Amino acid sequence: MNEKNVLYLWCAHIFFFAPVKDGLGPFLSVYLVAFAGFSPGAAGLLWFIKDMARMIAHVPMGALCDQTSSKRGLIIIFTLLSTLTPLIVIWTSNYQILIAKSIVEGIAASGIGIFKGPFTLGIAGHDLFEQASTKTEMADHSGSFSSAVLTGIIAYYLYPNVVPMFYVVGVFGILSTISIASLPQYREEYDLDGTMHSVKAVNNEWARNSFHGLKIEDEDPEEIRQMGKKELEEESESIWEMFITQKQLSIFGLGIFFFHLGNAAILPLLGQVLVLEGGRVGIPYMAANIVLAQTTSLLGIKMFNSMLAKGYRINIPILIGFGALVPRVLIIIICLRWWSNPYAIIATQFLDGLGAGTNGIAVMRITKTMTEGSNRFGVAFAIIILCESIGGAFSNLISGYVVGASTYEIGFIFLLCTGAVSLYFIHAMKVESAFACEGKNGEKEKKSFPRMVDLSSKVQVKHDLTADGASNSDEKGKKSTPSINHINQSESENKETTEA
């Protein structure tokens with residue numbers, strides 16, 4: 001099995017795991033309020049407990065991801081736990097049992113979420129990470145789209161018995177487990193002379209965002225010395241010191257926190273409104289919300305990649321995606337106040353998709369760029385996801401009790417104000433590689449990475465750092481067998497460019 005097939009299996013796992021990771025979260029919130037008799041505050045508390053368990057597990061999971069070489073086995077365990085725990089709601093509405101279920105579900109979801117970025121990097125390597133991260137995000141949103149359609153159809157035709165919609169989690173979870181279990185330990189690789197041999201399907205050094213195991217071919221010894229010194233420094237400092245010293249990573253984390261503080265509870269509250277007013281078509285309305293958002297999230301990913309390819313700063317597509325929250329909530333408030341039209345409310349999910357699409361791919365790309373060569377991708381990725389989870393947890397908790405004490409309109413106004421704060425931090429953020437070296441005046445200079453060859457597979461890999469800090473390759477995804485003269489010629493051109 002070659003690298004492409006390994007990536008396809010990983011994308012299949014992500015596709016089928018999409019509805020499992022949240023246990024049909026928005027549908028669960030609607031079910032608890034509209035059918036099980038819980039108040040919005042009680043339903044929000046269950047979601048908050050799950051998010052708290054996930055948050056507590058994030059950093060330990062990130063450290064485990066960086067250290068373990070048994071990533072596939074752990075992902076299988078997390079997938080099985082995430083599949084079984086959401087089904088408990090079918091057999092009981094005991095609040096204490098649901099609390100215990102939420103804790104286990106949160107820990108398992110944390111494991112899958114944290115392993116996603118490093119595992120993708122371990123499969124694709126530094127050169128193909130941009131392409132691979134795009135495919136994994138598209139698989140994620142496509143899976144959510146498919147499961148939402150299926151759940152909406154089941155809920156509509158079996159109403160008022162909507163419990164069977166939770167079996168969607170079981171079916172998708174089983175298929176997700178089969179996909180990751182089918183992923184081999186080793187894959188085929190080729191030397192420059194065309195000789196085939198086997199290498200690990202997931203390179204653990206790559207997964208940590210390390211350049212260990214790579215031979216550096218460059219004629220600039222000072223650049224090599226700077227990169228080696230930087231990597232040793234990153235290894236010796238704690239992850240918290242990394243966030244303190246790398247202010248831009250902290251700014252990015254704050255932007256993610258405030259976006260999810262304003263965004264996470266919008267869909268659950270919207271679903272509650274639609275179900276309470278819609279009766280039989282309430283859950284299909286909810287499904288339509290998710291379907292539209294997941295469809296446009298693919299457009300968000302497309303917009304993100306397209307704008308970067310045209311040379312825009314990486315901040316710009318994120319500002320567009322996150323900024324869509326403002327008109328979205330304003331339209332919802334207007335509809336609730338003066339025009340109670342479910343179709344107009346559902347249409348606002350077009351804007352939600354832009355934020356969801358840009359958020360998922362931006363978190364992986366920016367964290368990878370800012371931690372390049374640090375050996376800490378897993379735990380740094382975990383802390384950024386932790387910021388996301390903290391924002392989401394407090395979003396559901398606070399908005400649930402705000403709605404209980406006032407109205408849904410006031411709850412949406414709270415979400416609008418907090419979500420808008422994120423735009424300041426995203427605008428202020430400067431994305432730069434961890435390998436930006438200090439120049440003569442003490443300022444950071446962005447240098448292109450020297451030519452590197454993976455010693456285990458001997459497939460030539462070359463990285464360049466763009467103006468916005470994202471890494472790109474000259475020939476993405478191509479496995480070539482260049483001659484020595486061609487390599488020397490390319491190195492001479494790189495040196496002339498650097499000198500210029």
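**Exercise 1.** Decide whether cysteine 387 is buried or exposed in this predicted model.

*Solution.* Start with the relative accessibility of cysteine 387, which is 19%. Next, recall the cut-off: buried means under 20% relative accessible area. Cysteine 387 therefore counts as buried.

Now try cysteine 65 in the same way. Its relative accessibility is 1%. That value also falls under the 20% cut-off, so cysteine 65 counts as buried.

**Exercise 2.** Find how many disulfides the structure holds.

*Solution.* Begin with the idea itself: a disulfide is a covalent bond between the sulfur atoms of two cysteines. To count as one here, a pair of cysteine sulfur atoms must lie within 2.5 Å. The count for this structure is zero.

**Exercise 3.** Describe the place of alanine 155, then say whether it is buried or exposed.

*Solution.* First locate the residue: alanine 155 sits in helix α7, which covers residues 129-158. Then check its relative accessible area, which is 0%, so alanine 155 is buried. Finally, look along the chain to methionine 165, ten residues away in sequence from alanine 155. In space, the C-alpha atoms of alanine 155 and methionine 165 are 6.2 Å apart.

**Exercise 4.** Sum up the whole protein: what are its helix and strand counts, and what share of its residues is buried?

*Solution.* Count the elements first: the protein has 21 helices and nine strands. Then turn to burial, where 57% of the 500 residues count as buried. To finish, take the accessible surface, about 20300 Å², with 62% of it belonging to carbon and sulfur atoms.

Terms used. Residues numbered from 1 in each chain as written. Predicted model: local features only at pLDDT ≥ 70, side-chain atom pairs only at ≥ 80, totals over all residues. Heavy atoms only, no water. Buried < 20%, exposed > 50% of the residue type's maximum accessible area, 1.4 Å probe, protein only. Helix = DSSP H or I, 4+ residues; strand = E, 2+ residues; numbered from the N terminus. Areas by Shrake-Rupley, 256 points an atom, 1.4 Å probe, with all protein chains shown as cover.
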